[in-house]
Amino acid sequence: MSTFAKRKIRMEMMKFIVSSQLLSKNLQNISGIIAPNKSVPIVENILFTLKGNDLLLTATDLETTMVSHVALAQAEGEGSVAVPAKLVVETLKTLPDVPVVFTVSENNDIEIVADSARYNFVGYESEQFPQMPEMDNAQTFTLSVQHLCNAISKTVFATGSADIRPVMGGVLCQLEPEKVIFVATDGHRMVKYEDLEAATGLSTSIILPKKPLLQLKTILQTVDEDIRVDFNASQVSFTVQSLTVISKLVEGRYPNYASVIPANNTNIMRVERSMMLQKLKNIFLYSSQSTHQVRFSITESELTLSAEDRELSNKAIVKMPCHYEGEEMSIGFSSKFLQEFLMNLETPEIIFKLSHTTGPGLLFPVYAEDEKVTEDIMMLVMPVMLNA
């Protein structure tokens, strides 16, 4: 049986006036969570609930629910109706910024009037729509939106397939009294991001699903304030401004990531991040399409990057300066993984810490000496066996 209880709201005629752009923005913010669902087609709709001058917009895929509040200047009546998401989102997206009159009759007939344009379609009974889940016995902490978006950007790309191992399809959120740690891994690479300014006073961990994190990252890019996070044993909610996102947590035990972080990587290479990224992109097409292997041949002052696809007889070699302290070595990595790492760092320079040809490599950003560091990032990548 679904955890969503059924709602019974007496449907009355309702009418409101709202800016087309304001309504469109709020609808687009939450509609990204909607997915086709042949078994429960009602979730392909957005629930409109009017109470006083507050319009509540709700979208769900049964795993995640997104709710947005829109303050109205003019409204009449109260009630709820499930509105076809694609139809209303696409209609409003094409309108200029004009007042929109939205009217719903008792039989769920919907009319939108904008300037000289008029649109009519039929909604569905709100009782069919899943009820917003409740957060019982929740613990709470707050994060900077900017830091949350950074944590999502720098970790979510490294998650694995939830179909193969569900816990690796999510991001571990490890709460410590003085900081919050986010970890993502697919078994071949790992990212650990620490928010050093998030003093939660808590000591626990939860596994956050990927989909709502990506939705939050998209929506919150321009928001500069704190976000409240509530969680219990099975759910998590994020609340900022007029938006709330509630999602089921990923169940299971996350891998012991600390056990795979090497402590003896004493060969240190410092390079310019953007230059390395450009060089990797330059030779990517010449690498094996199955492993994307790139060979690092490292000396004291020079890094040689080489890629080869023996099946197609393709080969490329590029060189770049580096500062290296350690034994000269050749080691292979996935060019695809390294490019994703470098694209999700911002510092001009990065450090590689290596041990031997079969040991994982560690990447760290290099911060300026006078820069206030509010986050700590470590990226781990497993080596690829070199061709003979």
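Is Ala82 buried or exposed? In this predicted model, Ala82 has a relative accessibility of 0% and therefore counts as buried. The legends below start from this residue.

**View 1**
Ala82 belongs to strand 6, which covers residues 79-84. Leaving aside residues up to four places away in sequence, Ala82 touches Ile42, Asn45, Ile46, Leu47, Gly123, Tyr124, Glu125 and Phe129. One of these contacts, Ile42, is 40 residues from Ala82 in sequence, while the C-alpha atoms of the two are 7.7 Å apart. With a relative accessibility of 0%, Ala82 is buried because the cut-off for that class is under 20%.

Asp61 sits in the loop that joins strand 3 to strand 4. Its relative accessible area is 16%, so Asp61 is classed as buried. The side chain of Asp61 has a polar atom 2.9 Å from the backbone nitrogen of Glu63. A polar contact of 3.0 Å links the side chains of Asp61 and Lys211. Not counting residues up to four places away in sequence, Asp61 touches Ile33 and Lys211.

Leu62 lies in the loop between strand 3 (54-60) and strand 4 (64-71). Its phi is near 80°, a positive value in a residue other than glycine. Leu62 is partly exposed, at a relative accessible area of 22%. Asn137, in the loop between strand 9 (117-122) and strand 10 (139-144), also is not a glycine and has a positive phi of about 50°. Which accessibility class does Asn137 fall into? Asn137 is exposed, with a relative accessible area of 75%.

**View 4**
Helix 3 runs over residues 145-155, and nine of its 11 residues are buried, so the helix is largely enclosed by the rest of the structure. The buried residues are Val145, His147, Leu148, Cys149, Ala151, Ile152, Ser153, Lys154 and Thr155. An α-helix has 3.6 residues a turn, so residues three or four places apart point the same way. At the start of helix 3, the backbone nitrogen of Gln146 has a side-chain oxygen of Ser144 within 3.2 Å.

Five strands form an open sheet in the order 5-1-7-8-9, and their pairing is antiparallel. Strand 5 (74-76) and strand 9 are the edge strands, each pairing on one side only. On average, neighbouring strands of this sheet are turned by 15° against each other, direction ignored. Helix 1 (residues 20-31) packs on the sheet and touches strand 1 (14-19) and strand 7. The direction of helix 1 makes about 100° with that of strand 1.

**View 1. Pairing of strand 7 with strand 8.**
Strand 7 (residues 99-104) and strand 8 (residues 109-114) run antiparallel and are joined by five bridges. Within this pairing, Thr103 has Glu111 of strand 8 as its bridge partner. In a regular strand the side chains alternate between the two faces of the sheet.

**View 2. The largest pocket.**
The largest pocket holds about 300 Å³ of space. Its lining consists of 16 residues, of which Lys25, Asn29, Ile219, Gln241 and Ser242 are the closest to the centre. Helix 1 and strand 4 each supply at least two residues of this lining. Rolling a probe the size of a water molecule over the atoms shows where empty space is left.

**View 3. Strand 26 and its two antiparallel partners.**
Why is strand 26 described as largely enclosed by the rest of the structure? Strand 26 (residues 375-381) is so described because six of its seven residues are buried. Strand 13 (residues 189-195) pairs with strand 26 in the antiparallel sense over seven bridges. Among the residues involved, Lys192 has Met378 of strand 26 as its bridge partner. Strand 25 (residues 361-366) also runs antiparallel to strand 26, and three bridges join the two. Here Leu362 stands opposite Leu380 of strand 26.

Notes:
Residues are numbered from 1 along each chain as its sequence is written. This is a predicted model: local features need pLDDT of at least 70, side-chain atom pairs count only at pLDDT 80 or more; totals for chains, interfaces and linings use all residues. Side-chain values use heavy atoms; hydrogens and water are left out. Buried means under 20% relative accessible area, exposed over 50%, partly exposed in between (1.4 Å probe, protein chains only). Contact means heavy atoms within 4.5 Å. A polar contact is a pair of N or O atoms within 3.5 Å; within protein, one must be able to donate a hydrogen and the other to accept it, and residues adjacent in sequence count only if both atoms are side-chain atoms. Two strands pair if DSSP finds at least two bridges between them. Axes are lines fitted to C-alpha atoms, for helices over the stretch in contact, and angles run from 0 to 180 degrees between N-to-C directions. On a 1 Å grid over the protein atoms alone, a cavity is a set of points where a 1.4 Å probe fits but cannot get out, and a pocket is an open set with protein on both sides within 12 Å along at least five of seven lines; lining residues have an atom within 4 Å of a point. Grid points are joined across faces, edges and corners, and a volume is the space filled by probe spheres set on the points.
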